[in-house]
Amino acid sequence: MADLTQGAVGSLLGVLATAVKNEADLQKGVERDMQFIKDEMDSMNGFLLHLTKSGNEHDDQQRAWMKQVRDIAYASQDCIELYNLYGMTPPCNSVSSIVDFLPSYVHGKIERHKLAKKIKELKERVKDVGERRERYGVTVPSTEPKRRSDDGAGDDVETMSEARGEFLEALREDEEETTSSDGRKDEAAAGLSSPSIYISTMMRRWIPRPPFDHAIRKLAPELAPHARKVLGALLKHKAGGARKKHDDRRRLHDAVAVCMGMVLRALHAFPQSRVGNEEELNKLMEALDGSTADLPKRVLTFCYSQLNTEEKSCLQYLAAFRQETSISRTSLVRRCAAERLVSDDKEHQLTVEKRAEICFEELLFRGFISPGAYGAAEKVKSCRFGSESVKEFIVEMCKAENFVGGGLPVHLRIQNEIRTAALEQHQGKQLQQQRGDQLPRICMPLAAVNKQWQNDPINKMLRELDSLPKSYRLNVMDLGGCIGILRSHLASICKIRTLKYLSLRNTDVRGLPSQLQELRLLETLDIRQTNIRHGSRSQALLPRSLKHLLAGNVDSQGDAPNATVRIPDSIREMVALEILAHVKVCYRRELRKVENLTKLRKLGLVFVPANEDGMMKDLLRAVGRLSGCLHSLSVRMERPPLNGWLTLDGDMSSPVPSNLVSLRIDGLRTSGLPTWAERLYKLQKITLCNTTLTDQKLGALSELPALVCLRLRHKSYNGRELAFRKPGGFPSLKFLRIENVLVVTELTFQADSAPKLEMIVWSSDHATDDALVAAITVSVAGVENLPKLREVVLKGLREQHPSTLTKDVAKHPKHPRFITHGH
């Protein structure tokens, strides 16, 4: 538990170091107070590090003292960040801007004066906490550390990734065999199985196969006996619940099944573990020799102990998603970064977002969360809890690690209340729209209007936030999916000056308030799928601290318009911007402002068909100047033009965006692919929609050495046959997706083409009835030439010769899955 407290203190030390070093205009008294807090926290941090490395259980005195240290660390960090927030200097570009700035500048000075007094009080509290440790004799046990190194920097990431992939494939095979075996046993017990299945089941009883044998073979040899011992105890524990009620037995069986997979995952990561606590493994082995009354929880505790501090913090933050049926990957990662649950790694050039991504991948591999929806390249786009037992365990550990006996810690409780209010508002508005028996507010009595306002979930939530201490820092506001957000709600939200993440995605918000510019710490603003006016710019000046601006209808395809907002007026000043997607561009001068965003990693632009020549030329120049940082580019037309098509081809005077990893083109129908794209040797993913890709350009794509995913969407190809003919072509391609490309009816693979292709997904959602589905017939030939193929999916389509593909798949040495279904 000391590692989480040490993490809080470490975060505070980072803020203090920056504040003491960079704030030249600090009052002398505040500077001394901050320096005193920093010195004391340095000493406490060393004590906590020693306590963490000791590997011993913490006694009651240590737990009580750590709770006090963590509370004071959070309070100090909140207060100091607020102090720095109000430490603003007036702009110097014009007299009018200084005049406009004066009111907020005076307000900031007043707030800094109040916070200076608060920092002085915190100094005294820090002093008392330090003296209290000596007064009550809180000491560190004299035990040598028994943990491995916590850096893991020397691991070969690529080799470890391949080993994990092979392990997961073996684990998947074991789980499928276990599930099918359990199903046969249940059928045999119920007398519903055929004689052959019954005989097979009886043979399994006489000649049992070791459970999860394939996965155990992928473990380190010294860990295999431990794995078999744990799995044997879990199976015995599962058998011991046979006399329980049906619901309890089902819950126990599910918990045991989840624990089996998780303990194997933890043991596979054990040799490369950055924590590597052998003591926890020894404790688990000793527990198996005694009572196993709470064995699943003991196993989960062992799996939890193998996580590092940041992974534990991110796992505990999942308690804020208890009511969600699906958790967005990007939302979770950005929220963890905004909450500063992870820190950047300057040595390995990893930002907080990248560190949060690494934590997400680790929790996914360990089984605490399971995949939900997948993206085009089989990247997990959403997740859910591994099971109900895992969810309950996370909540229990969250309470224990944060020293709270009742509900969740304050920051998680508040996030739960925010999501509860958003969901209640969404459900209430939907119910009201369905009933249709509510009078308009203008026709309602004043008392009824007032009562409705008081009972509004969003208003209730905002009143709760107003009751929080002034020094409390609220970083995240996620109102995604909420219906009925008023301008007054947004104005109240903009008073929360410490917000770093604001999501209004999929809401009925119609505009942004001018107060939005007061959120000077805001890093992420998500306004996708909203009703913000599509034809004009927002009148609000967005804060310069913004890193991620997400807008537009990201799921639009076919001939649907790509509706979105105009590019912000203040875009030139948003120098910290890393993601700008997707905003509308109407004039050439707007593209010139983008050239100054030297930190931009992802750029998504929607163009309005215009008569201005050179629009694409300016885009190429901007993209070329951003070639050092830009990794993802999406170019779309608002709607297909009636006469003529714009093109991305042209003479580029600027460098080619050689670092591009992802490219999407929608609505530029000249050749389907610009010539300069053939030189993007780092390109991994291409998505084409409303283009006219030719067979010649497809051949050019086959030369790209790093291309992993090719996604062809509506009207993206102009031929009937999509053929992969070139030997050695597409050397890295793993995922091929064909979506709603109705003109294509034949898919052919020649020998030695796409040697690493793993998945083919061919789908059409234009078929709405069985007659039309039967009319859309396709053929796939040459699957025997794909040695790595593991899955073929036909959705909304029918095979022209059904038996041919089925036989080819059956003869394939890897026995890929073949899935075909309609709508």
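**Entry 1: helix α10**

I started with the buried residues of α10, which pack against α8 (224-239), α9 (246-269) and α11 (295-305). The model I am reading is a predicted one. I then listed the buried residues of α10 and found Glu 279, Glu 280, Leu 281, Leu 284, Met 285, Ala 287 and Leu 288. Helix α10 covers residues 278-289, which is 12 residues. I looked up its span from first C-alpha to last and got 17 Å, close to the 16 Å expected at 1.5 Å a residue.

**Entry 2: the chain as a whole**

I stepped back to the whole protein chain and noted 24 helices and 21 strands. The chain has 823 residues, and buried residues make up 49% of them. I also checked contacts with a separation of 6 or more: residues 24 or more positions apart account for 68% of these.

**Entry 3: a sheet of 3 strands**

Next I looked up an open sheet with the strand order β1-β3-β2 and antiparallel pairing. Why does one side of β1 and of β2 lack a neighbour in the sheet? I found that β1 (327-328) and β2 (369-371) stand at the edges with a single partner strand each, so one side of each is left without a neighbour. I then followed β2 to strand β3 (residues 382-385), and the two pair in the antiparallel sense over 3 bridges. Within this pair, Ile 369 stands opposite Phe 385 in β3. Helix α14 (residues 352-366) packs on the sheet, where it touches β2 and β3. I noted that the direction of α14 makes about 90° with that of β2.

As a reminder to myself, strands of a sheet pair through backbone hydrogen bonds, and the pairing is either parallel or antiparallel.

I turned to strand β10 (residues 632-637) and asked how many of its residues are buried. The count is 6 of 6, so I wrote the strand down as mostly covered. Ser 632, Ser 634 and Arg 636 point one way from β10, while Leu 633, Val 635 and Met 637 point the other way. Residues on both sides are buried.

I then checked the partners of β10. Strand β9 (residues 602-607) runs parallel to β10 and is joined to it by 6 bridges. In this pairing, Phe 607 stands opposite Met 637. Strand β11 (residues 662-666) also pairs with β10 in the parallel sense, over 5 bridges. Here I found Ser 632 opposite Ser 662 in β11.

**Entry 4: His 582**

Is His 582 buried or exposed? I located His 582 in strand β8 (residues 579-585). Its relative accessible area is 9%, and buried means under 20%, so His 582 is buried. The side chain of His 582 makes a polar contact with the side chain of Ser 634, at 3.1 Å. Ser 634 is one of the buried residues I had listed for β10.

**Entry 5: nonpolar cores**

Last, I looked up the largest nonpolar core, which has 105 residues. The members that touch the most others are Met 477, Leu 479, Leu 525, Phe 607, Leu 710 and Leu 747. Helix α21 (residues 615-625) gives the largest share of this core, 5 residues.

Notes: Residues are numbered from 1 along each chain as its sequence is written. This is a predicted model: local features need pLDDT of at least 70, side-chain atom pairs count only at pLDDT 80 or more; totals for chains, interfaces and linings use all residues. Side-chain values use heavy atoms; hydrogens and water are left out. Two strands pair if DSSP finds at least two bridges between them. Helices (H or I, at least four residues) and strands (E, at least two) are DSSP runs, numbered from the N terminus. Contact means heavy atoms within 4.5 Å. Axes are lines fitted to C-alpha atoms, for helices over the stretch in contact, and angles run from 0 to 180 degrees between N-to-C directions. The expected span of a helix is 1.5 Å times one less than its number of residues. Buried means under 20% relative accessible area, exposed over 50%, partly exposed in between (1.4 Å probe, protein chains only). A polar contact is a pair of N or O atoms within 3.5 Å; within protein, one must be able to donate a hydrogen and the other to accept it, and residues adjacent in sequence count only if both atoms are side-chain atoms. A nonpolar core is a set of buried Ala, Val, Leu, Ile, Met, Phe, Trp, Tyr and Cys residues joined through side-chain atoms within 4.5 Å.
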